[in-house]
Amino acid sequence: MKRLLAFLTTGLLIVNSIPYPQLMMKTAVLKVPDRTGTEPVSYETIAKMQQELAAWPVLTQAGLQAHEQEKNAGTYVIPGMKSTLSMDRDGRPDTCVDMTPQGLAVTDDYIFISAYCHEKEHNSVLYMISRDSHEFVKTIVLEGQPHAGSVCWDPVWKHLWVSTGYTNNASASYLRIRDIEKYSFSQTGKPLPWYRTQKLTQLTRNSFMTCYDSRLYAGTFTLDEPTMRLQSFDLIPPGRMARSGTIAGSAIIGQQCQGITFTDDYVFLTFSYGPYIPSTLCAYPRTATRFLKSDAIRSWQLPPCLEQPYALDNTLYLMWESPARCFRNELMTHIDRVLALDISRMMH
């Protein structure tokens with residue numbers, strides 16, 4: 001008994017001799033590497049991609065050629081298409097190979113891309129990319145497995161909104177930029193919690209959305225009805241929606257709509273469905289209230305699987321989901337980078 005007491009006493013003295021902060025540091029740091037791949041999956045070089053895109057002059061002339069003096073001709077590799085750091089259903093760090101990109105948002109400093117696990121085995125994520133250097137920054141693991149069909153940036157309150165919810169339970173959730181910048185899955189081993197989630201009772205699903213002029217615009221992708229309603233919601237301090245998502249207005253949109261974005265002069269919508277039907281990019285006047293394909297003042301047929309557009313600084317950014325593994329073997333043109341298009345060249 002005396003030997004046992006002596007052993008325990010010695011152990012306690014050793015533990016107590018370690019500074020408390022050092023103990024906390026050793027137990028808090030998980031040292032989980034970000035195994036998100038950053039290599040392109042379809043084209044090794046911009047030149048090879050440009051050859052493939054020759055059939056779509058708006059992508060080459062207003063895109064790659066207009067930005068040829070910029071890094072990577074203004075393009076950004078979509079990360080995570082071969083491997084992505086995430087969490088499995090049991091909440092353990094894991095590598096997902098089935099992430100499918102969906103939403104795109106551009107800020108002054110970053111490019112954000114949302115993605116969900118096609119096999120529903122892992123948490124959805126955000127990829128964070130430096131807008132200036134074009135380098136991958138990190139993976140943000142999100143709560144749950146939302147489709148994350150759209151993301152948008154509120155420049156007033158510095159919030160990144162993500163479409164969340166499920167069928168008949170539409171919602172929009174946001175993260176604060178300061179929380180995003182501080183977040184490290186390697187340090188916490190947990191997803192970044194939503195700062196706020198707002199129900200959108202007027203929508204069956206929040207398929208796509210964007211922020212513009214202190215409003216959030218949201219709509220539902222559909223194949224069943226020829227027209228749907230695009231709803232807009234007022235954003236009020238501190239970045240919340242007025243009166244629990246009371247709509248500020250609505251407009252008519254067409255089916256198969258995948259994304260929407262605004263400039264001071266135009267509204268751009270993307271329409272696509274599956275790997276065998278060409279996508280359509282449409283432009284409308286800023287004052288429009290009808291957004292059917294037949295109402296567009298300009299339209300362009302583009303490769304299949306076009307997702308969310310995003311406009312900033314006279315540039316229209318476009319992203320496709322075609323580099324995802326579930327589409328990679330389909331016989332179609334794949335685009336594994338975000339493309340930047342000069343809006344002035346597009347419209348004239």
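The structure holds 8 aromatic pairs, where rings of Phe, Tyr and Trp (its six-membered ring) pair if their centres lie within 6.5 Å, with planes under 30 degrees apart counted as stacked, over 60 as edge-to-face and the rest as tilted. Let's start with tyrosine 212 and phenylalanine 262: their ring centres are 5.4 Å apart and their planes meet at 15°, so this pair is stacked. The pair links distant parts of the chain, with tyrosine 212 in strand 12 (residues 208-212) and phenylalanine 262 in strand 17 (residues 257-262), 50 residues apart. Helices (H or I, at least four residues) and strands (E, at least two) are DSSP runs, numbered from the N terminus. Both tyrosine 212 and phenylalanine 262 are buried, which means under 20% relative accessible area, while exposed is over 50% and partly exposed lies in between (1.4 Å probe, protein chains only).

Tyrosine 284 and phenylalanine 291 make another kind of pair: with centres 5.1 Å apart and planes at 85°, their rings are edge-to-face. Tyrosine 284 is buried at a relative accessible area of 0%, and phenylalanine 291 is buried at 2%. Elsewhere, Trp161, Tyr174 and Tyr195 form one aromatic cluster.

Before going further, a word on the model itself. This is a predicted model, in which local features need pLDDT of at least 70 and side-chain atom pairs count only at pLDDT 80 or more, while totals for chains, interfaces and linings use all residues. Residues are numbered from 1 along each chain as its sequence is written, and side-chain values use heavy atoms, with hydrogens and water left out. The pLDDT is the predictor's confidence in each residue, from 0 to 100; the protein chain averages 89, and 89% of the residues score at least 70. Over residues 4-29, the pLDDT is below 50, and this stretch has 4 contacts in the model beyond near neighbours in sequence. A contact here means heavy atoms within 4.5 Å.

Now to the strands, which pair if DSSP finds at least two bridges between them. An open sheet is formed by 4 strands in the order 4-5-6-7, with antiparallel pairing. Strand 4 (99-106) and strand 7 (136-141) stand at the edges with a single partner strand each, so one side of each has no neighbour in the sheet. Inside this sheet, strand 5 (residues 110-117) and strand 6 (residues 125-130) pair in the antiparallel sense over 6 bridges, and tyrosine 110 stands opposite serine 130 in strand 6.

Further along, strand 13 (residues 215-219) and strand 14 (residues 227-236) run antiparallel, joined by 4 bridges; here leucine 216 stands opposite phenylalanine 233. Strand 14 is also joined to strand 15 (residues 240-241) by 2 bridges, again antiparallel, and leucine 235 has methionine 241 in strand 15 as its bridge partner.

What about the cysteines? With a disulfide taken as a pair of cysteine sulfur atoms within 2.5 Å, the count comes to 0 disulfides. Cysteine 117 is in no disulfide, and its nearest cysteine sulfur, that of cysteine 96, is 3.7 Å away. Cysteine 117 counts as buried at 2% relative accessibility. Cysteine 282 is also in no disulfide, with the sulfur of cysteine 257 the nearest at 9.0 Å; cysteine 282 is buried at 1%.

Finally, look at helix 4 (residues 57-64), which is mostly covered, with 6 of its 8 residues buried. Those buried residues are Val58, Leu59, Thr60, Ala62, Gly63 and Leu64. Their cover includes helix 3 (46-52), strand 21 (298-302), strand 23 (315-320), strand 24 (337-342) and helix 7 (343-347).
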